[in-house]
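Welcome, and please open your viewer beside this page. We will go from one selection to the next, with a short note on what is there.

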Amino acid sequence: MTHDVVPRLRLSDLVRTFPGRRGEPLRVLDGISLSVAPGEFVSVIGPSGAGKSTLFNLIAGLDRPTSGRIEVDGRDATGSPAHAAYMPQRDLLFPWRTVLANAALGLEVQGVRRAEARARVRELFPRFGLAGFEDAHPFELSGGMRQRAALLRTVAQGRPTLLLDEPFGALDSLTRMELQAWLQEVWAEHSWTALLVTHDIREALLLSDRVVVLSPRPARVTLALEVALPRPRGIEATTGPEFAALERTLLEHLTRAGRPVG
Ligand SMILES: Nc1ncnc2c1ncn2[C@@H]1O[C@H](COP(=O)(O)OP(=O)(O)OP(=O)(O)O)[C@@H](O)[C@H]1O
Ligand SMILES: [Mg+2]
């Protein structure tokens, strides 16, 4: 990233400790520092239980760090939810609401009137491959469509930063590849700053400007790898020697930490 612009997001020495089960505190985040430039796409990868979702909950303002600070555009935003749209790891669409009503929920929670929220969200349906499914219920959608609907709900909030915690985790690999290509396209059309949690090294390399690796708990940043591959990145990009070298670096780094990647 370039360092002469004010970062969209600056995390300084974030520590999060939970009360442990037997009285000893559980230290989950052990001083996470990271700056993300406006428009940058950063993936966070690390062992299961490392603290990735904990970190995203802090950035989303749903939880406060035990110590440390979060700045947005140079201003303190620790504990503030206003700057980011968050798609949590288990993002559920309400089964009794239509896709349109589900997608408008984020805006309604922000205080936008229902009719206006639905009108704004309706315009996004074609780009999310969901035109014609506005009045369907979630059970009528495929897994990939459900994930796109959950992403639509996130994006519809109109926040400058997107926080996506394993948005494609539960999908088969073909659907996943389609959605990765699609996300790359819509990201390029907008000026979103995006942070993505994934366990998938290829997904991280395909989508990101930088990949940040966390250690096993308590989590620290052990590597921030620049991905300077040209965009858009298609199948060809993922089969070239540069991609393979980056993949290998990440894989070696993750296995050296002594834990499986998943
Ligand atoms: N509210 C909480 N209270 C107590 N402990 C918590 C709380 N939230 C998370 N933890 C603990 O923090 C640790 C990290 O959890 P977290 O969900 O952040 O991991 P993760 O990296 O997202 O894992 P995964 O890849 O499996 O999603 C776990 O040991 C978890 O039990
Ligand atoms: Mg998680």
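Begin with helices α2 and α3, whose crossing is right-handed; that word applies when the near helix is turned clockwise from the far one by less than a right angle, and left-handed when anticlockwise. Helices here are DSSP runs (H or I, at least four residues), as are strands (E, at least two), numbered from the N terminus. Before going on, note that this is a predicted model, in which local features need pLDDT of at least 70, side-chain atom pairs count only at pLDDT 80 or more, and totals for chains, interfaces and linings use all residues. Residues are numbered from 1 along each chain as its sequence is written, chains are lettered from A and ligands numbered from 1 in the order in which they are written, and side-chain values use heavy atoms, with hydrogens and water left out.

**Stop one: α2 with α3**

Two packed helices are described by the angle between their axes and the distance between the axes. For α2 and α3 (residues 114-122), the angle is about 115° and the axes are 8 Å apart. Axes are lines fitted to C-alpha atoms, for helices over the stretch in contact, and angles run from 0 to 180 degrees between N-to-C directions. Now select L100, A101, A103, A104, L107 and E108 in α2, which meet R114, A117, R118, R120, V121 and R122 in α3. Contact means heavy atoms within 4.5 Å. Sorted by type, the residues of this contact are seven nonpolar, no polar and five charged. Nonpolar covers Ala, Val, Leu, Ile, Met, Phe, Trp, Tyr, Cys and Pro; charged covers Asp, Glu, Lys and Arg; the others, Gly among them, are polar.

**Stop two: α2 with α4**

From α2, pick V99, N102, A103, L105 and G106; their partners in α4 are A149, L152 and R153. Five of the residues in this contact are nonpolar, two polar and one charged.

**Stop three: ligand 1**

Which residues come nearest to ligand 1? Of the 15 around it, they are S48, G49, G51, K52 and T54, where a residue counts as near if one of its heavy atoms lies within 4 Å. Show polar contacts next (pairs of N or O atoms within 3.5 Å). Oxygen atoms of the ligand lie 2.5 Å from a polar side-chain atom of S48, 2.7 Å from an N or O atom in the side chain of K52 and 2.9 Å from one in the side chain of R217. Colour β2 (26-36) and α1 (52-59), the elements that give two or more residues to the shell; α1 has the largest share, three residues.

**Stop four: the backbone**

From R217, step to P218: the peptide bond between them is cis, with omega near -5°. P218 sits in the loop between β9 (210-214) and β10 (221-226). Another cis peptide bond joins R231 and P232, and P232 is in the loop between β10 and α7 (235-239).

How values were computed: Polar contact = N/O pair within 3.5 Å; in protein donor to acceptor, adjacent residues only side chain to side chain.
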